[in-house]
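Subject: A structure for you to look at

Hi,

Here is the structure I promised to pass on. Have it open while you read, and then I'll take you through what turned up.

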Amino acid sequence: MERAVPLAVPLGQTEVFQALQRLHMTIFSQSVSPCGKFLAAGNNYGQIAIFSLSSALSSEAKEETHDGPVYSMVSTDRHLLSAGDGEVKAWLWAEMLKKGCKELWRRQPPYRTSLEVPEINALLLVPKENSLILAGGDCQLHTMDLETGTFTRVLRGHTDYIHCLALRERSPEVLSGGEDGAVRLWDLRTAKEVQTIEVYKHEECSRPHNGRWIGCLATDSDWMVCGGGPALTLWHLRSSTPTTIFPIRAPQKHVTFYQDLILSAGQGRCVNQWQLSGELKAQVPGSSPGLLSLSLNQQPAAPECKVLTAAGNSCRVDVFTNLGYRAFSLSF
């Protein structure tokens, strides 16, 4: 269902309104379907678009699904989970391709006051315990049991907004980063904080003119990469030691490990490809002036749809069929 246009708006202005909406659109989040053939993207107008990667067409369906922006999305075997202002919603992927799809359920964490409606900036699946972790504006991590829909624990320690989450898959540990400049490591067995890295306090990482906030992080076994206000940096977690400072001035908003590379994006049009040593292997330009999310489609069920997608400060999702160039763009 397209955004309703008030009757008072002359028909000749409808196209202008839609053009202005696209001009000021920001795509915050992406998630690939379990079959690997579709991509969901959520924007600041509360719309979730479903794109067909297999046919490389424009959106198969578009729904106004949120009362506010869609900041984060993840996919399970059957569901698309999305979050925005204060709550998380679930949709059946099998129904998302139909017009008029309705949410399956919605849940709101137990906030400290009934008047509190903080942003949910990050969602993280923990497959081994069939749970979802969500974090954002209330400075806490909330764990929800996906089978029962109940919230089972709250992790407290951050003193400001939480922007990002990452899972250490070999151990039941989660990392979180936020405005307070700290990356905190949590043991899910004990619900305790076991390690804190205050990145901005390390001289080689600190960039006071950009602030102390942590906007992105990713993990691979004993290694972590994070960035934001401080420089994009590779850390050895066991020793809490920064090992590589990546030479990029622009704050980075998304980072991920990919094979023997690190991919990052943020202010600027390019997806950056880094060697672990810190050498810049390539910068591949996209169509958006700034990037907020990267999504790697590595679903084994659809090897023909193995692509990287990048989105941010525009109405377009750039599709890279290999890491060397942008093949085409999908548009809301």
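Let's start with a question: is Glu103 buried, partly exposed or exposed? Glu103 is partly exposed, with a relative accessible area of 26%. Before going further, please keep in mind that this is a predicted model.

Glu103 and Arg106 form a salt bridge, and their closest N and O atoms are 2.6 Å apart. If that term is new to you: side chains of opposite charge can pair when their charged atoms come close. Arg106 is partly exposed as well, at 36% relative accessible area.

Now the overall picture. The chain holds two helices and 28 strands. Its radius of gyration is 19 Å, close to the 20 Å that the globule rule gives for 332 residues, so the chain is as compact as a globular protein of that length. Of the 332 residues, 54% count as buried. The chain exposes about 15,000 Å², and carbon and sulfur atoms supply 50% of that area. As for contacts with a separation of 6 or more, 44% of them are between residues 24 or more positions apart.

Back to salt bridges. How many does a search of the whole structure find? The count is twelve. Here are two more of them:

- Asp222 and Arg168 meet through their side chains, at 2.8 Å from N to O. This pair links distant parts of the chain: Asp222 sits in the loop between β17 (214-220) and β18 (223-228), while Arg168 is in strand β13 (residues 162-168), 54 residues apart. Asp222 is buried, with a relative accessible area of 16%, and Arg168 counts as buried at 13%. The cut-off for buried is under 20%, so both residues fall into that class.
- Arg184 bridges to Glu193, with 3.0 Å between the closest N and O atoms. Arg184 counts as buried at 11% relative accessibility, whereas Glu193 counts as partly exposed at 29%.

Next, the aromatic rings. A pair of aromatic rings is described by the distance of the centres and the angle of the planes. There are three aromatic pairs in this structure. One of them is Phe51 with Phe332, an edge-to-face pair with 5.9 Å from centre to centre and 85 degrees between the planes. Phe51 lies in strand β3 (residues 47-52) and Phe332 in the segment after β28 (328-331), so the pair ties together parts that are 281 residues apart in sequence.

Val16 lies in helix α1 (residues 11-23), and Val16 is partly exposed at 47% relative accessible area.

The loops are worth a look too. Which value does phi of Asn130 take? Phi of Asn130 is near 50 degrees, a positive value in a residue other than glycine. You will find Asn130 in the loop between β9 (120-126) and β10 (131-136), where Asn130 counts as partly exposed at 38% relative accessibility. Ser221 also has a positive phi, near 60 degrees, and is likewise a residue other than glycine. Ser221 lies in the loop between β17 and β18, and counts as partly exposed at 32%.

One last stop is Ala301, in the loop between β25 (291-296) and β26 (308-312). Ala301 is exposed, with a relative accessible area of 55%. Which distance separates the C-alpha atoms of Ala301 and Pro34? They are separated by 8.2 Å, although the two residues are 267 residues apart along the chain.

Best wishes

Note on methods
Residues are numbered from 1 along each chain as its sequence is written. This is a predicted model: local features need pLDDT of at least 70, side-chain atom pairs count only at pLDDT 80 or more; totals for chains, interfaces and linings use all residues. Side-chain values use heavy atoms; hydrogens and water are left out. Helices (H or I, at least four residues) and strands (E, at least two) are DSSP runs, numbered from the N terminus. Buried means under 20% relative accessible area, exposed over 50%, partly exposed in between (1.4 Å probe, protein chains only). The radius of gyration is taken over C-alpha atoms; the globule rule is 2.2 Å times the number of residues to the power 0.38. Contact means heavy atoms within 4.5 Å. Accessible areas come from the Shrake-Rupley method with a 1.4 Å probe; for residues, only the protein chains shown count as cover. Rings of Phe, Tyr and Trp (its six-membered ring) pair if their centres lie within 6.5 Å; planes under 30 degrees apart count as stacked, over 60 as edge-to-face and the rest as tilted. A salt bridge is a side-chain nitrogen of Lys or Arg within 4 Å of a carboxyl oxygen of Asp or Glu.
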